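Please read these notes with the model open beside them.

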Amino acid sequence: MKLALVGATGLVGSTMLTILEERGFPVTELLPVASEQSAGKTIRFRNEDCRVLTAAEAMGQKPQLALFSAGGSVSLELAPQFAAIGCRVIDNSSAWRMDPTKKLVVPEINGEVLTADDLIIANPNCSTIQMVMVLHPLHQRYGIKRVVVSTYQSVTGTGQKAVAAMYAQRAGQPGEGVYPHPIDLNLLPHIDVFGDNGYTKEEMKLVQETGKIMGDNHIRVTATTVRVPVLGGHSESLNIELTTEFDEAELRALLAQSPGLVVQDNPQANAYPMPLYAAGKDEVFVGRIRRDASQLNTLNCWVVADNLRKGAATNAVQIAEQLLAKGWLSGS
Ligand SMILES: NC(=O)c1ccc[n+]([C@@H]2O[C@H](COP(=O)([O-])OP(=O)(O)OC[C@H]3O[C@@H](n4cnc5c(N)ncnc54)[C@H](OP(=O)(O)O)[C@@H]3O)[C@@H](O)[C@H]2O)c1
């Protein structure tokens, strides 16, 4: 299969390359695409150098599948052009997520919504994916009324310039102005732009995408998103109000048997999820599971995942695997 990777030189794009290799996705020809600044560069895939192409060059090769991670404006412009030549697009940006004509998919949760007609498919926001991986089994079993989420998000979520800026600041230099304030030895209660309601766009993604993925807009979600000087993954504190009583042991067992989730919860042994150890892993880790003593039918937990993997590249490749299994990648 000819596969175009738009944003191949970025953090998500390079993670995609690793995951395509790891999972043995059947790529016969890789068509890496990046911005004009990357013209002439090569990237490594399966021990071979591949020349970075322009989007027009890649489209000229008629790929069956394109994985996009090059930002919203690139997706808005180029995804319809790839779709117009019959190429399926799986897009990591926020461009199409809330478009009612596009599916927003986490395969473990709502993979069944995909049909043969879906040409542009949206990958949810990284912080949403890891949250709904925990909410979904709880909602199915107990019903969820309300979620209060506070995030502690890795600089890798902003892309490679942010990682470089953090290291530069650590070395005593100003670092490129990716954020409005220094990030090293600091944290910023500010991810993406502020809206008129006082919430950031990142916070509203958690609110809106959750209802769409879980197929239930009655779940109330309120969010505070924070950027922290951390690599490896995003962390989230969740306070979840259920509609019914729950038994703590049963709830833990339910999470432990949910595909893609790992319960890591032994406080006596200092065992709980941390971004340093979630890095490079595909699973979503959940721990610090405990009853909220201040409110009935409510629990607290702590959720960590590698935002570049399950929060982006792994989820996109899982969607691609589903399309492949259905025989919807023409020529596959
Ligand atoms: N980082 C995460 O955890 C995460 C999670 C979920 C979703 N996402 C989304 O994924 C996208 C990429 O994120 P990232 O962290 O990988 O960013 P990044 O490290 O800054 O990489 C951006 C990529 O886009 C390419 N690009 C920029 N302008 C382009 C253009 N006009 N045409 C073609 N390619 C272009 C860049 O190429 P050059 O190298 O040539 O500049 C680079 O390959 C964003 O939409 C982001 O919101 C990121």
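1. Six strands make up an open sheet in the order β2-β1-β5-β6-β8-β7, and their pairing is parallel. Two strands are taken to pair if DSSP finds at least two bridges between them. Strands (E, at least two residues) and helices (H or I, at least four residues) are DSSP runs numbered from the N terminus. The edges of the sheet are β2 (29-33) and β7 (103-104), each of which pairs on one side only.

2. The model is predicted: local features need pLDDT of at least 70 and side-chain atom pairs count only at pLDDT 80 or more, while totals for chains, interfaces and linings use all residues. Residues are numbered from 1 along each chain as its sequence is written, and side-chain values use heavy atoms, with hydrogens and water left out.

3. Within the sheet, β5 (residues 65-68) and β6 (residues 88-91) are joined in the parallel sense by four bridges. Which residue of β6 is the bridge partner of L65? The partner is R88.

4. A separate pairing involves β3 (residues 42-45) and β4 (residues 48-51), which run antiparallel with four bridges. T42 has R51 in β4 as its bridge partner. The two strands, β3 and β4, form a hairpin with two residues between them, and R46 in the turn has a positive phi of about 50°.

5. T54 counts as partly exposed because its relative accessibility is 40%; the class lies between buried (under 20% relative accessible area) and exposed (over 50%), using a 1.4 Å probe and protein chains only. The C-alpha atoms of T54 and V6 are 9.2 Å apart, although 48 residues separate the two along the chain.

6. How many residues surround the ligand? There are 24, and the closest are T9, V12, S35, S38 and N307. By type, the shell holds nine nonpolar residues, 15 polar and no charged. Here Ala, Val, Leu, Ile, Met, Phe, Trp, Tyr, Cys and Pro count as nonpolar, Asp, Glu, Lys and Arg as charged, and the others, Gly among them, as polar.

7. For V12, a polar backbone atom is 2.8 Å from a ligand oxygen. For G7, a backbone N or O atom lies 3.2 Å from an oxygen atom of the ligand, and a backbone N or O atom of G71 is also 3.2 Å from a ligand oxygen. The ligand taken alone exposes 900 Å², of which the protein buries 77%; areas come from the Shrake-Rupley method with a 1.4 Å probe. The elements giving two or more residues to the shell are α1 (11-22) and α10 (309-326).

8. S127 is part of helix α5 (residues 126-142). Is S127 buried or exposed? S127 is buried, because its relative accessible area is 0%. Its side chain makes a polar contact of 3.1 Å with that of E202. Such a contact is a pair of N or O atoms within 3.5 Å; within protein, one must be able to donate a hydrogen and the other to accept it, and residues adjacent in sequence count only if both atoms are side-chain atoms.

9. The structure has zero disulfides, a disulfide being a pair of cysteine sulfur atoms within 2.5 Å. For C50, the nearest cysteine sulfur is that of C87, 17 Å away. C50 counts as buried, at 14% relative accessibility.

Note on methods. Near = heavy atom within 4 Å.
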